[in-house]
Amino acid sequence: KKYNYISYYWLQISVMINNTNKYNKLEFTKVQNNPELLRPIVTWTLESSPKLINIRALAIISQSIAKISSRTKQSIVEHDKVQRMLKENIIKAAKNTANDKYFDSRNCANILWAFAKMNPKNSNHNYQKHESNNNQLS
């Protein structure tokens with residue numbers, strides 16, 4: 001599996017869920033009713049964490065997850081782990097001077113919007129948690 005395609009797949013899922021044509025509405029309903037369908041990409045994202053340091057990819061992943069959660073009104077599986085990984089990797093990417101040209105206002109704005117939207121405390125939605133007690137980090 002190539003880790004550099006993860007952001008592309010997250011983006012495609014968010015586009016599919018946000019489109020309202022008849023086919024996508026069926027797919028949206030499947031994801032809304034069974035968030036476990038996203039577990040393979042969530043697992044792949046978490047496993048690829050050490051390699052995910054491209055700020056543009058992190059912005060796309062963050063924004064896509066926020067759109068999916070907002071549209072389905074539910075957190076993705078392993079939400080807390082993914083959000084923590086994204087925060088840590090964004091901080092690492094910000095410290096990496098090689099990323100300076102990519103850490104622009106657009107990516108920063110997308111990341112800020114995504115984290116504001118992903119955080120149920122800051123949202124008008126009451127997202128349901130889809131993590132078992134065994135999977136939560138302390």
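1. Let's start with a pair of charged side chains: Lys81 and Glu78 meet in a salt bridge, with N and O 3.5 Å apart. A salt bridge here is a side-chain nitrogen of Lys or Arg within 4 Å of a carboxyl oxygen of Asp or Glu. Lys81 has 24% relative accessibility and therefore counts as partly exposed, while Glu78, at 7%, counts as buried. Buried means under 20% relative accessible area, exposed over 50%, and partly exposed in between (1.4 Å probe, protein chains only).

2. A word on what you are looking at: this is a predicted model, in which local features need pLDDT of at least 70 and side-chain atom pairs count only at pLDDT 80 or more, while totals for chains, interfaces and linings use all residues. Residues are numbered from 1 along each chain as its sequence is written, and side-chain values use heavy atoms, with hydrogens and water left out.

3. How many salt bridges does the structure hold? There are 3, and Glu36, Arg39, Glu78 and Lys81 are linked by them in a network. Arg39 pairs with Glu36, their closest N and O atoms being 2.7 Å apart. At 38% relative accessibility, Glu36 counts as partly exposed.

4. Arg39 is also the partner of Glu78, with the closest N and O atoms 3.1 Å apart. Glu78 lies in the loop between helix 4 (55–72) and helix 5 (79–95), and Arg39 in helix 3 (residues 39–47), so this pair ties together parts that are 39 residues apart in sequence. Helices are DSSP runs (H or I, at least four residues), numbered from the N terminus.

5. Now for the nonpolar core, a set of buried Ala, Val, Leu, Ile, Met, Phe, Trp, Tyr and Cys residues joined through side-chain atoms within 4.5 Å. The largest one has 29 residues, of which Trp10, Leu38, Ile65, Ile76 and Leu86 touch the most other members. Two or more residues come from each of helix 1 (6–18), helix 2 (22–33), helix 3, helix 4, helix 5 and helix 6 (105–118). Helix 4 gives the most, with 7 residues.

6. Finally, take a look at helix 5 and helix 6, whose axes (lines fitted to C-alpha atoms over the stretch in contact) come within 12 Å and cross at roughly 155°. That makes the two helices roughly antiparallel, a term for angles over 145 degrees, on a scale from 0 to 180 between N-to-C directions. The contact (heavy atoms within 4.5 Å) is made by His79, Gln83, Leu86, Lys87 and Ile90 of helix 5 and Ile111, Phe115 and Met118 of helix 6.

Definitions and conventions
Angles under 35 degrees count as roughly parallel, over 145 as roughly antiparallel, 65 to 115 as roughly perpendicular and the rest as oblique.
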